[in-house]
Amino acid sequence: MSAALVLGACSNASNDDASPNEETSTGQIADEVIVGSTNEPTTLERNVGGSSGISEALTRNVFEGLTSINDEGKVENTLAETIEVSEDGLTYTFTLQRDVLFHDGTPLTSADVAWSVNEAIGPNSLSARASDLRVIQEIETPDDRTVVMHLDHASASLPFFLASVTIVKDGDKENNSENGTGPYVLDEWVQGDHLTMVLNDDYWGEPAKTPVITFQFFTDETALNNALQTGAVDLVIHQESPDQLATFESNPDFVVTEGDSIKKWVWTFNNKEEPFTDERVRQALYKAIDREALLTAVWGEYGEVIGSMPPVSEPWFDASFADIHAYDPEEAKALLEEAGASGLTTDITYVAGGTEEIIVQQLRANLADIGVTLNLVPVDDSAWYEDVYTNKDYETTLMNHNNPRDVLWYANPDFYWQYDNAQVQELAVQADSAASEEEQVELIHSLSDIIAHEAPSAWLFMAPQIRIADASVSGFSASKNAEPFYVGNLVKEG
Amino acid sequence: MISLFLASVIIFFVLRMLPGDASATLLGVGTTEEQLDQLRDELGANEPLVVQYAQWLKDFVTGSSVSLISGSSFGELVIQRASITVPLSLMAFTIAVLVSLPLGIVSATKRTSALGAFVSAASQVGVAVPIFWVGILLISIFSLQLGWLPAGTFPRQGWDDPGEALRALILPALTIAIAMSAVMVRYVRSSVLDVLETDYMRTAQSLGYSQSRALLRHGLRNAAVPVVAILGIELGTSLLGAVVVENVFGLGGLGQLLLSSVTSRDLPIIQNLVLLLTAVVLIINALVEILQQWLDPRLRVPHGRRRRLRVSKSQVGA
């Protein structure tokens with residue numbers, strides 16, 4: 001099934017310069033677009049953990065960074081007009097865009113940038129990217145438009161990691177600061193219900209198109225889909241219920257798009273726990289899974305089978321990884337026998353939910369074919385974080401990972417999968433200080449290749465990125481290659 | 001007061017037995033153990049349990065509790081959410097009472113007729129069907145097929161437009177009311193049946209009263225005593241029904257707040273909410289008791305002694 005691609009181009013390109021009020025008075029576009037999502041921010045603190053809800057709704061829309069990751073997954077300059085890197089790769093000089101104002105009307109200066117970056121890398125930072133950014137040794141601000149960062153070693157990924165650092169007013173100690181520089185100003189957040197943002201009339205860049213954007217949050221997928229069907233929301237940005245797709249596909253009032261995602265379903269083994277210390281056991285279990293059938297069972301014709309952590313959109317993705325441990329129950333049995341682990345019984349700890357249930361049932365059936373018994377241990381989110389993520393008290397676990405460039409987590413021996421491979425760790429260090437982008441791509445590709453063979457985890461498949469919009473809505477990217485959902489081009493006609 | 005205190009102890013310590021903590025949920029994947037520990041310190045989760053308990057009670061009483069996850073104040077959260085849940089549960093309760101009282105009486109007095117048999121059978125079905133399924137069914141008929149009513153989401157302006165707000169609550173309220181009526185019809189029916197069998201009803205009828213007049217003059221007041229108890233319980237149930245139904249309809253009420261707080265282990269919010277609901281149920285129970293005593297003075301005997309004592313004291317004082 002080929003899905004329609006809806007991209008930025010829309011009929012009102014000719015009157016882009018008109019103020020939003022004039023535009024609406026001509027009756028061309030609606031005053032408000034309502035985005036439906038199940039991914040509500042847990043907090044408005046910008047630098048807490050991965051907080052994908054807050055980056056999805058607010059980054060690029062309300063807050064901006066020096067750089068950002070665009071819808072194709074490429075790093076581009078945002079508040080930085082230019083970035084210069086010294087020969088040795090140790091000094092980055094950022095020149096800021098002119099005439100940038102915060103939402104409170106004060107101008108953006110280099111001091112604000114220095115303050116915001118220091119906050120994100122400081123000793124009390126709770127940011128998941130803090131350790132990646134601590135390569136920054138010192139930040140200088142020679143004048144109001146220039147920020148100079150001195151690194152302790154070259155880091156090709158710095159512009160990428162800086163995209164997660166959003167810039168707020170210097171010294172703004174409020175954790176729930178909403179004083180950003182983006183095309184929208186946060187209007188209100190009613191926790192558990194909705195978040196509304198209104199147009200920033202003094203925006204420095206290309207102005208956004210719709211006066212008011214509302215994110216309406218749901219905890220239940222069905223409730224979200226019903227709301228779309230009855231017109232209570234205009235667009236569902238993550239369709240997580242494959243079984244409800246058919247209703248929308250057959251209805252001309254809606255447009256279904258499929259794009260790239262970064263959402264990987266990962267079945268992970270506890271690599272420090274017997275018998276998973278033996279790579280043959282991990283490989284055997286991986287080979288026992290018919291991933292094509294599994295993907296079809298969950299998503300029908302959507303999605304993609306993978307064989308290592310990188311998603312399709314990352315430059316070190318390699319489609320041939322998927323064949324390394326292709327479905328082969330006979331070989332799986334042989335490997336298990338060789339490792340002395342025939343007739344193994346093990347647990348899978350997973351967060352109970354719709355898609356998860358389908359996956360674990362399939363895994364269990366596949367493993368039964370090679371004489372392995374899989375006990376299902378459903379838990380809730382919080383228990384998963386405590387037992388699996390924090391205490392590493394589990395045998396195998398299922399999780400969907402949704403962060404860009406997270407293949408590098410396999411270089412961290414303390415991460416919950418407890419995979420400790422010196423060569424992988426060395427490659428990660430080299431990749432970070434690589435002289436060129438090509439070299440970096442090459443190194444991370446090698447790293448991905450090693451894990452693909454050793455199978456510290458079994459990468460099951462990439463979920464498709466499916467969005468469903470009312471047919472009158474356009475101006476959004478079909479793909480999700482980064483956390484933010486940029487709403488600046490979103491319009492609803494009529 | 002004592003029950004409430006005991007409830008607080010149980011709520012607090014039972015919740016501590018659950019695995020999982022808010023810090024880990026808040027930080028998500030990708031953070032280090034040092035960061036986790038730091039956040040636990042900030043949130044006070046590293047303190048001894050007794051200290052945490054005392055802190056919680058203090059925060060609850062002074063109204064200074066905040067969510068561990070979002071930092072929002074409990075008071076604000078509850079007021080905003082209750083503006084959906086309380087009208088929803090009252091609507092459901094009212095509908096259920098209006099439907100089940102007459103139906104219950106009819107199915108008792110006319111139990112041999114087709115109508116009585118039908119009501120009785122329908123109530124059996126109503127009791128057996130899960131409440132979320134009723135919700136899904138109503139949505140698919142009245143919103144998706146007929147397009148008469150919204151399928152969920154409460155208007156963003158809240159009660160600024162009462163018409164819109166009420167429309168949003170009709171289907172969820174009906175969902176809860178259907179489940180409640182099914183239970184209540186059966187209780188009303190059996191209470192009325194009990195009354196119909198009593199000697200005084202037979203006497204009244206032998207004196208020439210028709211069955212319905214006898215029931216109106218003597219029976220209903222007596223039948224009401226057990227029914228009032230059930231109404232009290234069902235009023236509490238309508239609040240709990242909201243927990244399930246709000247999820248199906250995507251209404252951001254107290255039920256959804258409770259559910260999302262449990263998933264993220266936002267302990268202060270869970271504790272406060274459960275304690276608050278316990279208090280509401282205790283108050284309802286007290287009101288039920290008063291109402292029952294008014295309906296049937298015989299029930300006052302055990303409590304009467306206490307009351308007489310108080311009265312005599314005040315007489316002495318006077």
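Modeller: In chain A, four strands form an open sheet in the order E4-E5-E7-E6, with antiparallel pairing. This is a predicted model, in which local features need pLDDT of at least 70 and side-chain atom pairs count only at pLDDT 80 or more, while totals for chains, interfaces and linings use all residues. Residues are numbered from 1 along each chain as its sequence is written, chains are lettered from A in the order in which they are written, and side-chain values use heavy atoms, leaving out hydrogens and water.

Biologist: What makes E4 and E6 of chain A edge strands?

Modeller: Strand E4 (80-85) and strand E6 (136-143) each pair on one side only. Two strands pair if DSSP finds at least two bridges between them.

Biologist: Why are E5 and E7 of chain A said to pair?

Modeller: Pairing requires at least two bridges found by DSSP, and strand E5 (residues 91-96) and strand E7 (residues 146-151) of chain A have five, so they pair. In E7(A), Thr146(A) is the bridge partner of Thr95(A).

Biologist: Why is the link between Asp380(A) and Arg265(B) called a salt bridge?

Modeller: The term asks for a side-chain nitrogen of Lys or Arg within 4 Å of a carboxyl oxygen of Asp or Glu. Here the closest N and O atoms are 2.9 Å apart, so the pair qualifies. Between chain A and chain B the count is two salt bridges.

Biologist: How many residues are in contact across the two chains?

Modeller: Contact means heavy atoms within 4.5 Å, and 46 residues of chain A are in contact with 40 residues of chain B.
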